[in-house]
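Q: Could you walk me through this model? I'd like the overall layout before any details.

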Amino acid sequence: MTAKSIWIGVESLPIELMDLALSHPSPIFCGCLSGCREHLEVAETVLERAGGDLREPEWHEMAIGTTAGQGYLADLLRQCGPLEQIVWVWPEKTGALAEASATIPLDEALMRARTVIEGVLVIASGAAAALAADRGITVTLLLPDSMPVNSPHEQGLWAFVERFAAIAKASSTPKGVSFRLLTQSEWRHAATP
């Protein structure tokens with residue numbers, strides 16, 4: 001059985017990186033599928049060009065910032081094994097959060113914080129639960145190439161993800177879960193021979 005690769009937040013994955021995500025033998029994409037129209041089109045094009053050398057990815061509607069989405073992801077991680085890697089994509093900003101304003105409405109700031117913080121925590125615990133006895137799992141936290149806008153909210157969330165990855169990397173490797181923090185450029189460079 002081929003190990004799978006799960007992508008969380010695929011709607012935030014830059015289109016130009018979609019071909020690399022599809023190069024895994026058994027990719028699973030999770031996220032807000034209404035925001036993935038371009039991703040679906042690129043996937044179809046890449047699969048047609050590959051002429052049967054690539055496997056059709058699975059697509060799952062899931063919002064990681066919701067309780068239902070977190071439960072769905074936990075079930076998916078438990079049922080789809082064996083897993084090789086889990087990739088969490090830094091979510092794009094929406095609404096007022098896309099602006100460099102320090103006056104972001106509280107409800108938007110809290111929703112954004114929940115999406116980032118709970119997403120990282122759920123993925124980390126899900127990776128540990130889905131770990132097969134004979135295989136390790138790599139968890140990649142995939143960040144944009146530069147820090148988001150200069151709002152304290154975004155910088156705080158960015159710092160949380162960086163710090164979490166550093167601590168998780170140091171403590172989880174003996175348990176079979178390997179954490180890494182990569183920018184999109186670093187990921188492209190690492191994935192390209």
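A: Read along the sequence, the protein chain runs β-α-β-α-β-α-β-α-β-α-β-α, which gives six helices and six strands, where helices (H or I, at least four residues) and strands (E, at least two) are DSSP runs numbered from the N terminus. This is a predicted model, in which local features need pLDDT of at least 70 and side-chain atom pairs count only at pLDDT 80 or more, while totals for chains, interfaces and linings use all residues. Residues are numbered from 1 along each chain as its sequence is written, and side-chain values use heavy atoms, leaving out hydrogens and water.

Q: And how many aromatic pairs does the count come to?

A: The count comes to seven, taking rings of Phe, Tyr and Trp (its six-membered ring) as paired if their centres lie within 6.5 Å, with planes under 30 degrees apart called stacked, over 60 edge-to-face and the rest tilted. Trp 7 and Phe 29 form a tilted pair, at 6.5 Å centre to centre and 55 degrees between the planes. Because Trp 7 lies in strand 1 and Phe 29 in strand 2 (residues 27-31), this pair ties together parts 22 residues apart in sequence.

Q: Is Trp 7 buried or exposed?

A: Trp 7 is buried, at 0% relative accessible area, and Phe 29 is also buried at 0%; buried means under 20% relative accessible area, exposed over 50% and partly exposed in between (1.4 Å probe, protein chains only).

Q: Which residues form the aromatic cluster?

A: Trp 7, Phe 29, Trp 59 and Trp 187 form one cluster.
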